[in-house]
Structures are given as C-alpha cells and as structure tokens.
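The following paragraphs lead the reader through one protein model, element by element. Please keep the sequence and the three-dimensional view at hand while reading.

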Amino acid sequence: MYQLDVKSAFLNGVLQEEVYVEQPDGFIVQGEEDKVYKLHKALYGLKQAPRAWYGEIDSYLVQCGFKRSTSEATLYVKGRRTSDLVIVSIYVDDIVYTGNSQELMQDFKTNMMQRYKMIDLGFLHHFLGIGIIQSEDYIFIHQKKYASTLLKRFGLQDCKPVGIPLVPADKLKRDDESGASNEAEYRKLVGSLLYLTATRPDIMYAACLLARFMHSPTNKHYGTAKRVLRYVQGTLDFGLEYKKGEGSVLVGFCDSDWSGSEDDMKSTSGYAFTFGSGVFSWAYVKQQCVALSTAEAEYVSASEATAQATWLRFVLEDFGEMETVATPLNCDNTSAIAITMNPIFHQKTKHINRRYHYIKEALQQGVINLIYCPTKEQVADIFTKALAREQFSYLRELLGVKSVHNLKGSVNVQNGKLI
C-alpha cells in the first residue's frame with residue numbers, strides 16, 4: 001500500500017454555488033472598499049469546500065477510467081480483471097492506493113501528481129494515527145504511539161497493568177451511589193478509548209459500555225475507564241495482523257447478551273467479520289427493543305450482522321472478489337437458528353419488529369448461511385460481555401489481535417520497517 005498527500009486540497013474544489021467574500025487584508029482595492037469578491041474555487045473554512053473538493057477528485061478519477069463503488073463513496077477501482085487492478089481510497093486530502101499491477105499504480109501516481117500539487121509519501125507507514133507495518137508475509141496495524149500519548153495525558157504512563165479490561169462480575173449502571181465524577185475529563189477519556197478501537201477490537205465492549213454514561217458519570221465509571229487504560233498499558237504493542245496467503249472467504253460471527261443493561265434491560269448485539277485472517281469489520285450495538293428471551297436477542301443480533309454481511313459482499317464485489325457462496329454466519333444459539341429457518345415459530349416472534357425478519361429473506365436468497373458455533377469459539381462474544389481472563393485471551397487471539405513481538409521477525413514499530 002502507498003500514500004499520496006494533496007497540498008491545499010480544498011483550494012482545488014470548483015464551486016457550483018454563488019459565494020461572495022469580503023476583500024481580505026492586503027487585497028483591498030482602494031476606492032472600492034464596499035465591494036466583495038465572487039469565489040470560483042473553494043477556500044478553507046468554507047462549508048462548501050469539502051464537497052467541492054470531493055466533486056473535483058471524483059470527476060477526475062472517473063475521467064481516468066476508475067469506477068466508483070456504489071457501496072462506499074470514497075472507494076475507486078480500475079482494471080479489467082482481478083490480475084490487473086488498482087484500488088484507491090480517499091480520506092479528505094489523504095489518498096491510499098494499492099493493486100497488483102505496477103504499471104497501473106505508476107500511471108495513477110504520475111497522473112495525480114501532474115494534475116494536483118502532491119507529496120509522494122511512498123510506502124504506507126502511518127495513516128490517521130494508525131501505524132502500518134508491511135512485510136512479504138503480513139500487514140500489521142497498530143496505535144502504539146497514540147496509546148502511549150493517551151496514557152501520558154491521563155497520568156497513567158507508569159501504572160500497573162491488568163490482564164483484562166473489565167471485571168466480569170462488576171456491573172455498571174447509571175446511578176451507583178459512588179458520587180459524581182468530572183464529566184469533562186470522563187468524556188475525554190472515553191472518547192479517546194473509542195478512537196483506539198480502530199485497531200483494538202479487544203477493548204470495543206469496554207469503551208462502548210463506558211460511552212453509555214457520558215452524561216453524569218460517577219466515580220465508579222471513571223475508575224473503570226482508568227482500569228481499561230491499565231489494560232492498554234500492558235498491551236501497548238498489540239494490534240491487528242492480516243496474513244498473506246490465507247483463504248479469501250468472508251466469515252461472520254454474531255452474538256448477544258440478554259438484558260445486559262442494568263438501567264433499561266436492553267440487550268447488546270455484537271458481530272465480527274474476517275476475510276482470511278484477522279477481523280476487519282466489527283461492531284457493538286445496543287438493541288433498540290427489549291428482548292423477551294435469549295433466542296430473541298440472538299435473532300436480532302443475527303439480523304443486524306446479516307445487513308452488514310450484505311454490504312460487505314457488495315464492497316468485495318467492487319474489488320473483484322465476488323462471493324459466489326453464502327456467507328457463513330456463526331451463531332451460538334440453536335433456537336435463534338431455528339426461528340430463522342422454520343416459520344412454525346411465528347407465534348413466538350410476531351411481536352418482533354418486521355425489519356429484523358430481513359434475515360429470513362437473506363437466508364432464502366443464499367446471501368448468508370446461519371450455522372451453529374460453540375460458545376467457546378464465538379468470536380463475537382468478546383463484544384457483548386466482560387469475560388474471564390482465559391476466555392478473553394483466547395478470543396482476542398482469534399480476532400487476530402496480537403503483540404508485534406509475536407510476528408515473524410523482529411520489528412521496529414517506530415518507523416514500520418523490519419529489522
């Protein structure tokens with residue numbers, strides 16, 4: 001993967017609307033101080049600037065023969081076949097590209113640098129606070145630098161680490177009579193933890209659970225958030241590994257707790273998807289309805305995972321990786337599987353919101369295949385509840401989260417190069 005950085009990206013955007021600005025200091029025309037300038041191109045600080053820039057880069061890439069993904073608006077693919085392909089992803093003024101055709105990639109870089117003022121950053125090492133280590137055997141993404149900065153910001157750089165982020169028996173609720181905490185500091189801490197989940201799905205449940213108490217947090221909530229930081233202290237070198245040469249098959253896992261929320265008795269859904277090795281898509285979602293049984297909570301979770309699986313199949317098709325078989329969706333509840341496959345359960349499910357029955361249609365159309373998975377092997381279990389250390393460590397490994405020191409060869413994390 002390679003990276004380009006656009007200089008003054010927003011200044012390239014051509015405005016479609018009429019926008020006028022006051023004459024800036026140093027460019028005021030004597031005798032016509034009451035007049036204004038009409039803008040033809042965007043300026044930084046203009047609310048239309050981001051959209052104008054996207055419209056500019058989008059039209060140019062389409063002109064160059066790229067096809068924009070209908071499922072992901074910032075993803076572009078060019079190539080006639082999977083063996084002759086270049087893939088481009090845009091995030092504001094940062095452009096990441098990869099492919100299996102050196103000729104197409106070189107043509108893309110040359111054309112872009114001729115069209116816009118750009119900095120060629122070469123091999124992708126750092127992107128949006130995420131470190132990337134690339135080798136012939138794997139790609140490893142981490143946020144070690146960000147996590148270290150986070151610990152220093154909250155004065156825990158020398159704290160004693162713990163083995164798991166949450167204590168399984170410790171339930172959090174809105175009013176625990178432990179006294180009010182500093183709301184501003186709590187929000188900063190939890191917000192920082194949420195960004196850390198970009199490469200650390202093992203703290204996803206803890207961070208999202210704490211985010212429920214952003215308003216009027218208690219001392220217990222703040223203490224629990226600090227415990228998560230102590231876990232991060234002991235796992236600074238951890239990240240996600242994606243191995244080369246693994247089977248290119250989309251596999252999903254879905255799970256839920258039942259009435260996990262102590263305040264409103266709503267359940268929590270969790271799902272994760274892998275494509276060969278390491279999870280690349282995961283989520284923690286509090287269900288909108290109160291489930292009347294474990295089977296219902298699992299059924300709702302499986303339906304939400306099915307919607308994600310459908311979208312991922314569309315994106316993979318844009319890559320040229322069309323899934324020709326149904327996506328395996330692992331569920332550890334046999335009753336939920338029976339509800340999906342057998343309409344005889346209608347009397348027990350007629351109160352469930354109709355949008356969750358989308359999973360039945362997806363199953364009939366061969367989009368997903370809901371299969372049983374033992375609870376011990378249920379990867380998504382780590383997104384729905386606090387687990388004991390042994391099970392937590394086991395599922396963390398199944399996610400693909402591991403220390404950089406467990407990779408093949410020794411790695412210098414600071415610059416992303418192998419030693």
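**A guided reading of the model**

Of the 8 residues of strand 6 (residues 84-91), 6 are buried, so this strand is largely enclosed by the rest of the structure. Buried here means under 20% relative accessible area, with exposed over 50% and partly exposed in between (1.4 Å probe, protein chains only). Helices (H or I, at least four residues) and strands (E, at least two) are DSSP runs, numbered from the N terminus. Strand 6 pairs with strand 7 (residues 94-99) in the antiparallel sense over 6 bridges; two strands pair if DSSP finds at least two bridges between them. Within this pairing, I90 stands opposite I95 of strand 7. The hairpin of the two strands has 2 residues between them, and V92 takes a positive phi near 55 degrees there.

The structure is a predicted model, in which local features need pLDDT of at least 70 and side-chain atom pairs count only at pLDDT 80 or more, whereas totals for chains, interfaces and linings use all residues. Residues are numbered from 1 along each chain as its sequence is written, and side-chain values use heavy atoms, with hydrogens and water left out. The pLDDT, the predictor's confidence in each residue from 0 to 100, averages 89 over the protein chain, and 95% of the residues score at least 70. Over residues 410-419, however, pLDDT stays under 50, and the model has 21 contacts beyond four places in sequence for them; contact means heavy atoms within 4.5 Å.

The protein chain holds 11 helices and 20 strands, and 47% of its 419 residues count as buried. Among its contacts with a separation of 6 or more, 69% come from residues 24 or more positions apart.

Strand 10 (residues 130-134) is joined to strand 11 (residues 138-142) by 4 bridges in the antiparallel sense, and I132 stands opposite I141 of strand 11.

Another open sheet of 5 strands has the order 15-14-13-16-17 and mixed pairing. Strand 15 and strand 17 (368-372) are its edge strands, each pairing on one side only, and the twist averages 20 degrees from one strand to the next. Angles run from 0 to 180 degrees between N-to-C directions, and axes are lines fitted to C-alpha atoms, for helices over the stretch in contact. Strand 13 (residues 250-256) and strand 14 (residues 268-275) run antiparallel and are joined by 7 bridges; S256 has S269 of strand 14 as its bridge partner. Helix 7 (residues 294-318) lies across strands 13, 14, 15, 16 (327-331) and 17, at about 155 degrees to strand 13. Helix 8 (residues 334-341) lies across strand 16 and strand 17, at about 145 degrees to strand 17.

Helix 5 also touches this region: its buried residues pack against helix 4, helix 6 (219-234) and strand 15 (279-286). Helix 5 is largely enclosed by the rest of the structure, because 7 of its 8 residues are buried. The axes of helix 4 (residues 183-196) and helix 5 (residues 204-211) come within 9 Å and cross at roughly 150 degrees. Helix 4 contributes Y186, V190, L193 and L194 to the contact, and helix 5 contributes A207, C208, L210 and A211.
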